[in-house]
Every structure is written in C-alpha cells, then in structure tokens.
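Please read the points below with the model open beside you. They are meant as a short note for someone new to reading structures.

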Amino acid sequence: MRILLTNDDGIFAPGLAAIYKQLIHLGEVLVVAPADSQSGASHAVTFFEPLACAKADIGGLFSGFAVYGSPADCVKLAVIQLHKDPIDLVVAGINNGANVGINVYYSGTVAAAMEAAFLGIPSVAMSLAAEKEMDFDGAAEHCIDVLERLGPLKARDVINVNVPLLSRGDPKGIRVVAQATSGFHEYYIPQGDDEARTLFQLAGGGHRRELLPVDTTALAEGFITVTPLRPDMTDHAKIEPMKSQFSNDARHRSRGTL
C-alpha cells in the first residue's frame, strides 16, 4: 500500500514523525507536508503564485518534500505532480490539538483529508487533544489501531479520528459519533496599539451544549472519537422542494416573454 502522509503543523512536527513510525509497517509511506505550521489554514490553496517545494531530511528518520503552501496544496501537488504511481491512502496528522466540532471546518489537517477525497483517494485525519506534554507516540499507537479496525476504505471516504488527553490515562474506548456544530462560547477582547487602531483578540471557553452524543462531548469524556465525513456539502433533502419553487418561477418568466 502506498500511503501519502501530510499534516498542518509542518514537516518537522513530532506528531508527523510519530505516525510515520507506525505507518511504515502498513506500506510505503511518502511524506509531503508544509514547510512550516499551517494550523487553521482550512482548505486554502495556492494558485496566484508558483508553489515552492524542496526536499527535506527529518533527522535521518525519513525524507520527504517540504511545500511552502497549505496542507491542501501538499496533497494536490503530491498526487498530481510529485508521485506518478497511484496513492492508496492519505493520512493527515497527527495534529497538535483536537479537530472536533466546528474546528473541522478551520482545520488544515481535515482539509488535507478532504482534498484527497476530491482526488478520489480515501483518507484519515488524525489529531490529539492538546495539553502541556503531548504523547504523540502513544497517540500514534491508538490511531493505527483505529486505522486497522476501519478496514479497507473506499474512494472519497474521509474519516476524522481524535485521541483524548492521554495524561488522564488510556482512552475509555472508541465512539463513532457525529460532528458537533453548535460552536464555542467565544468573544473578542479589544486591545489598542501604537498606531491608534483597535485590535481584537479572539478568546473563549468550551463548547456549547449538545443534545446528542457528538465528537466534542465524547472526546471530553475520554473516548477516542471516529467521525465519517463527506466532501459533498449538498443538503440533498432540499433539492426537490427547491426545484419545485424555481420551476414555478421559470414558468412565470416564460409567460412574461411571450
């Protein structure tokens, strides 16, 4: 199996090295990752200017390509240009910090997995809840266990995996749950600067309350969360009702032109 490994914390991030050491037991691992941190880059892509790329050696553990762009850039460039042979699986991570709830939309890690889906390749995004001492090696063992238990993935499958705080002990288990969408309790703190401008620092607390079991609550309870995502954002249930609304409008417009 040919596995493309990327992340959004940068090619030198310890989380990427930790999962690399586990993935090499499953197949050939190709590393194409950002040259520096791209956390919060979401699904940005570079197209107004050339995309720079250089070979990088990571402490003798592996060599790969450092891309001066976003995680989505890395996947796109790797699949289309850097590696001509087919990629069987894309792994993004292990991210320094959880990617659950609405953070899924902001995450460069998840965006890399989504880009793989756009290109017809199954993918898994992997993240570890943030704390002062990050046990990426321990998280990698849990992530590989989840990956192996997932079994063969189909083209365009996107799986989002999050490991809870490991300082509290081993995870309580694995929960397959939906993505939370209620967001955070957030606010801005106004600040001044030397140029008489007002700066606004985003701050906030925990997630808002959720009525159903979701990734945010399950992760906080100490479970590994597994959430299947999809690149199709269409609300299919609304297609037919909306068609009827606009078909009536089309008839009215056609009558007016006669």
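1. Begin with Arg156, whose place is in the loop between H5 and strand S7 (158-163). Helices (H or I, at least four residues) and strands (E, at least two) are DSSP runs, numbered from the N terminus. Although Arg156 is not a glycine, it has a positive phi of about 75 degrees. At 42% relative accessibility, Arg156 counts as partly exposed. Here buried means under 20% relative accessible area, exposed over 50%, and partly exposed in between (1.4 Å probe, protein chains only).

2. A word on the basis of these values. This is a predicted model, in which local features need pLDDT of at least 70, side-chain atom pairs count only at pLDDT 80 or more, and totals for chains, interfaces and linings use all residues. Residues are numbered from 1 along each chain as its sequence is written, and side-chain values use heavy atoms, with hydrogens and water left out.

3. Ser42 is another non-glycine residue with a positive phi, of about 55 degrees. Ser42 lies in the loop between S2 and S3 and is partly exposed, with a relative accessible area of 23%.

4. The peptide bond from Gly93 to Ile94 is cis, and its omega is near -5 degrees.

5. How many salt bridges does the structure hold? There are 8, a salt bridge being a side-chain nitrogen of Lys or Arg within 4 Å of a carboxyl oxygen of Asp or Glu. Side chains of opposite charge can pair when their charged atoms come close.

6. One of the salt bridges joins Asp137 and Lys21, with the closest N and O atoms 3.5 Å apart. Asp137 lies in helix H5 (residues 136-150) and Lys21 in helix H1 (residues 14-23), so this pair ties together parts that are 116 residues apart in sequence. Asp137 is partly exposed at 42% relative accessibility, and Lys21 is partly exposed at 37%.

7. Glu221 and Arg175 also meet through their side chains in a salt bridge (2.7 Å, N to O). Glu221 lies in the loop between helix H6 (215-220) and strand S11 (224-229), and Arg175 in strand S8 (residues 174-176), so the pair ties together parts that are 46 residues apart in sequence. Glu221 counts as partly exposed at 38% relative accessibility; Arg175 is partly exposed at 32%.

8. Within helix H7 (residues 239-257), Glu240 and Lys243 are 3 residues apart, or separated by about one helical turn. The two form a salt bridge, their closest N and O atoms being 3.4 Å apart. An α-helix has 3.6 residues a turn, so residues three or four places apart point the same way.

9. A network of salt bridges links Arg2, Glu28 and Asp85.

10. Which residues of helix H2 (residues 71-82) are buried? They are Pro71, Ala72, Asp73, Cys74, Val75, Leu77 and Ala78. Among the elements covering the buried residues of H2 are strand S1 (2-6), strand S3 (53-58) and helix H4 (108-118).

11. Finally, Asn99 is in the loop between S5 and helix H3 (103-106), and Asn99 is buried, with a relative accessible area of 6%. Not counting residues up to four places away in sequence, Asn99 touches residues including Val104, Thr109, Ser127 and Asn160, where contact means heavy atoms within 4.5 Å.
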